[in-house]
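Here is a short report on one structural model.

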Amino acid sequence: MSILNADFWIGVGVIAGIYGIFALGLQLNVGLTGLLNLGQAGFMCIGAYAMGMLVVDAGWPILATLPVAIAAAVLAGVLVGLPSLRLRSDYFAIATIAFAEIVRYVLQNAAFAGGNQGIIGYDAEWRDFAAWASDRLAAIGLGEQMQLPLLFSIWLVFALCVAVLRWLRRTPWGRVLTAIREDEDAAAALGKNVLAFKLQSLAIAAALAAIAGFFLALNVTYLYPGEFDPTFTFFGYAVLILGGFASYGGVVLGTIVLWTLIEGLRFLDLPLSSGEVGSLRFVLVGLTLVVLSMARPQGLLGRRAEMQLRQ
Amino acid sequence: MTHSAGSPAPPILVVEDVHKSFGGVRAVAGASFALQRGAITALIGPNGAGKTTLFDLITGFAAPDAGAIRFEGKPIEGLPPHSVTRRGLVRTFQLTRVFAAMTVLDNMMLAGRGQPGEGLLQLIARRTAGQRVEGEVRERALAALHRFDLDGKAGDYAGTLSGGQRKLLELARALMTDPTLVLLDEPMAGVNRVLGSRLLDDVEELRRTAGMTFLFVEHDMDIVMRRADHVIVMAEGAVIAEGSPDAIRADPRVIDAYLGQARSRT
Amino acid sequence: MIEEASAPPSPRWHSRLPPAAWLALVIIAALALLAGVKGPVEAGQATINGLVDAGYVALGAVGLTLIFGILRIINFAHGDFLTLGAYVALMIAASGLPIWLAAALAILVTAAVAAALDKLVWEPMRRMQTSTLQLLLAAIGIALVLRYTIQFFAGSQVRSFGQDILSAVNLGPWHLGTLQLVALLAGIALIVAVGLGLRFTAVGKQMRALSDNMALAEVTGIDTRGAIRLTWIVAGALAAIAGILYAAAVGTINPNFGSLILLSLFTAAVLGGIGNAYGALLGGIVIGLAQEWSTLFLNARWKPAVGFAILILTLLVLPRGIFGRVPART
Ligand SMILES: Nc1ncnc2c1ncn2[C@@H]1O[C@H](COP(=O)(O)OP(=O)(O)OP(=O)(O)O)[C@@H](O)[C@H]1O
Ligand SMILES: [Mg+2]
């Protein structure tokens, strides 16, 4: 395959967009509120499964499930956050990763979610739409690439989310979040209800994770719990540190760079099995995290002063 | 809004037999006093006397082990810090706490009270009201910065300010919350004398024009004697004396516990 | 959290024994209750299984808690130290060396890797005064590198020590795999040894002192740099031991196992009061027992969920852990 292959770049674009939406929530939490959310994969899992189960088990139209999937993730965010946001930041990190593991574990073992077999057959409507959209795209000479409708949908939503988050950041609401990141005691002393703002931040991150989960489900055609292990969240952190903390533009840049690197591995023509290449990807992500957190923690677009996270 | 000694107005803050220990350390052990409305009161005492801990207890940053705290006649012990502030009781910190990666102006504007723009729903539902309030908050913030000689710094990150400037910013920022009672933990530490004296002039003026009440911790006895209407002395977690500056100056217990120490230091 | 720096050291030297003895009483009472409800054979079997698990959870948790107590690093790579130890032992044993020698070499290798990581990553970061976030990201990165390097070389398939993992012994009415018996005895012996070592050896005392109060230890002239390196070595060695015990107890491993039981290790550490090494040992015993006891009432596949439930409950109800150390609330 050539590096100019369109399918390759569309594939990178799809996965980069999904991780981008996912990482926007982390950026809001980590970069702008100072919350070490390690449970983002759990929220994503809830969103994706809510969609899959509503379509397959209850026969809902796929678009109608999106608000419910978001609401389910937001509710989970509030339930997790209410007790754990009072804890110190490192304990909060442990509590959220435990939450993500619980979600994955329950879905793996509980009968209602299909167990390890997962959920299949929720995307018929989407495939119809994609086929229809491909026909239209064929009219302008873009009918070859089946993934193109998904790519456009994802990046449209991604762009919209970036715009909304950027606007929010400039509002008084965003100002309070930044103040909490900088010094939550001082923010509380000035009359801000720190817990309430942190909860809102976490809830919005959960909603973004649910949207990412929705698109991930469309991309993988069947859902199984292994898809959502905490490593997924760690990839999100790799996006943040590549692009830069406290910068939404950084998320866009970071996710493109990360996935071009990861997927680009295949052009190296290494004499390795696919399993070995798979391992190598993760080693690469790990090295990225270690090296950048030592050498350039603010990432490509971030400012160093904005990533001081207190105990 | 007079504050003569015989004023019948009820005290704005009452602290009654408050206790707080950390492990084995009795930081506050049975402190009691009342603050007269509209007065400028100094809280003095040697290092480790429990002054800062007392501030933490009053403003909800720590819960007292025992005792009662009433602000405007209502109990406030155990309230979270933001509720205390919303009732009109604000504090500053001994070790200054500015939002380093925010601009000086944003530090100030953040503290404005009742901003519709801070609510996610109100951001949309009360868009125009939010924008209007934001404009007003900005005006007030700029005026206050001007008053504290910080207007040249409005656009700079607060992290770039000097220690003294941070003290000023913290006081100015606290005032943005429209308080009726202000607790200042060593507001003059590190501030040069001219500016410090301006700061105290401002405090006196706010007391006169807005009727605000002040309680401040200060180690410099000259300042305490010249500026305070009333002095409370703490040692080892308890209030050991209180009265007018002159009475305190003459009180042998105070000389014993504090002034002797302060004199030998300077 | 106001002016936390002025906090005096917590009075933890007030004898560790009472809480431990208290815990032993609770465990014996619970055991008696279970024996009454489910019969002594079943309850006893679950308890034995629980003690088998307790070994690797407790020994894994000690390193985790010491590193946190001393360096304030939530070491997400700690589970992967267990994996590393188990795999190195397994690879060496597969080459024909006796298993005890393979284990000893694996412990050395893992300790060396831990020390090297301290030299290459953690020490430079300490000098740079990094934020919590940076430390966390570096730990996550190291975890990924370790786990997938192992997977790269060893493949992702399940492996076992190759010895007869089905051979078993009977202890009265109770039944136990031979390897599990070894893990049980070694685990208990090592828990006791580590406990005594922490209490009576110079190294143990030094590490506890550091974990109590880094700033204080620094002014009292402990060579903190050396002590920190040593702590990493001890944590790595104990993790390797825990990983080998896990492989013996469970029979099979894959490159993910360490990261999967990391949460159990966290639970033990949090339960024991993060930073408290004795607490982690005892917390490990509690987790091991609780998970196996739960199988008396629930399907065994919910075992890990019991661990999660304990973690969440501890964080909510007793954030300082049973034996108290670092305050968890701001
Ligand atoms: N969080 C804490 N944990 C443990 N001990 C504390 C804590 N906060 C204060 N203390 C102790 O309580 C005592 C009173 O401290 P506090 O800071 O209130 O004194 P202070 O009067 O403000 O002193 P200074 O004039 O030096 O500011 C001190 O002995 C201090 O060590
Ligand atoms: Mg003080």
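This is a predicted model: local features need pLDDT of at least 70, side-chain atom pairs count only at pLDDT 80 or more; totals for chains, interfaces and linings use all residues.

Which helices supply at least two residues of the lining each? In chain A they are helix 1 (6-33), helix 4 (89-109), helix 9 (194-220), helix 10 (231-243), helix 11 (248-264) and helix 12 (274-295). Helix 1 of chain A gives the most, with six residues. By class, the lining of this pocket has 23 nonpolar, ten polar and eight charged residues.

## A four-stranded sheet in chain B

Chain B holds an open sheet of four strands. The strand order is 2-1-4-5, and the pairing is antiparallel. Strand 2 (25-35) and strand 5 (74-75) of chain B are the edge strands, since each pairs on one side only.

Strand 1 (residues 13-22) and strand 2 of chain B pair over eight bridges, in the antiparallel sense. Take Ser21(B) as one example: its bridge partner in strand 2 of chain B is Arg26(B). In general, strands of a sheet pair through backbone hydrogen bonds.

## Salt bridges between and within chains

How many salt bridges are there over all chains? The count comes to 30. One of them is formed by Arg97(B) and Asp185(A), with the closest N and O atoms 3.2 Å apart. Arg97(B) lies in the loop between strand 6 (89-91) and helix 3 (104-110) of chain B, and Asp185(A) lies in helix 8 (residues 184-189) of chain A, so this pair joins two chains. Arg97(B) is buried, at 17% relative accessibility. Asp185(A) is buried too, at 14%.

Lys20(B) forms a salt bridge with Asp65(B), and here the closest N and O atoms are 3.8 Å apart. Lys20(B) sits in strand 1 of chain B, while Asp65(B) sits in the loop between helix 1 (51-58) and strand 4 (66-71) of chain B, so the pair ties together parts that are 45 residues apart in sequence. Lys20(B) is buried, with a relative accessible area of 13%. Asp65(B) is partly exposed, with a relative accessible area of 46%.

## A helix-to-helix link and a network

Asp201(B) and Arg227(B) meet through their side chains in a salt bridge at 2.9 Å, N to O. Asp201(B) belongs to helix 7 (residues 193-210) of chain B and Arg227(B) to helix 8 (residues 221-227) of chain B, so the pair ties together parts that are 26 residues apart in sequence. Arg227(B) is buried, at 11% relative accessibility.

Chain C has a network of salt bridges. Its members are Asp118(C), Glu123(C), Arg126(C), Arg127(C), Arg225(C) and Arg229(C).

## The buried side of a chain C helix

Helix 7 (residues 202-212) of chain C has these buried residues: Gly204(C), Met207(C), Arg208(C), Leu210(C) and Ser211(C). Why do they count as lying on the same side of helix 7 of chain C? Because they cover an arc of only 160° around the axis.

How values were computed:
Residues are numbered from 1 along each chain as its sequence is written. Chains are lettered from A and ligands numbered from 1 in the order in which they are written. Side-chain values use heavy atoms; hydrogens and water are left out. Ala, Val, Leu, Ile, Met, Phe, Trp, Tyr, Cys and Pro count as nonpolar, Asp, Glu, Lys and Arg as charged, and the others, Gly among them, as polar. Two strands pair if DSSP finds at least two bridges between them. A salt bridge is a side-chain nitrogen of Lys or Arg within 4 Å of a carboxyl oxygen of Asp or Glu. Buried means under 20% relative accessible area, exposed over 50%, partly exposed in between (1.4 Å probe, protein chains only). The arc is that of the directions from the helix axis to the C-beta atoms.
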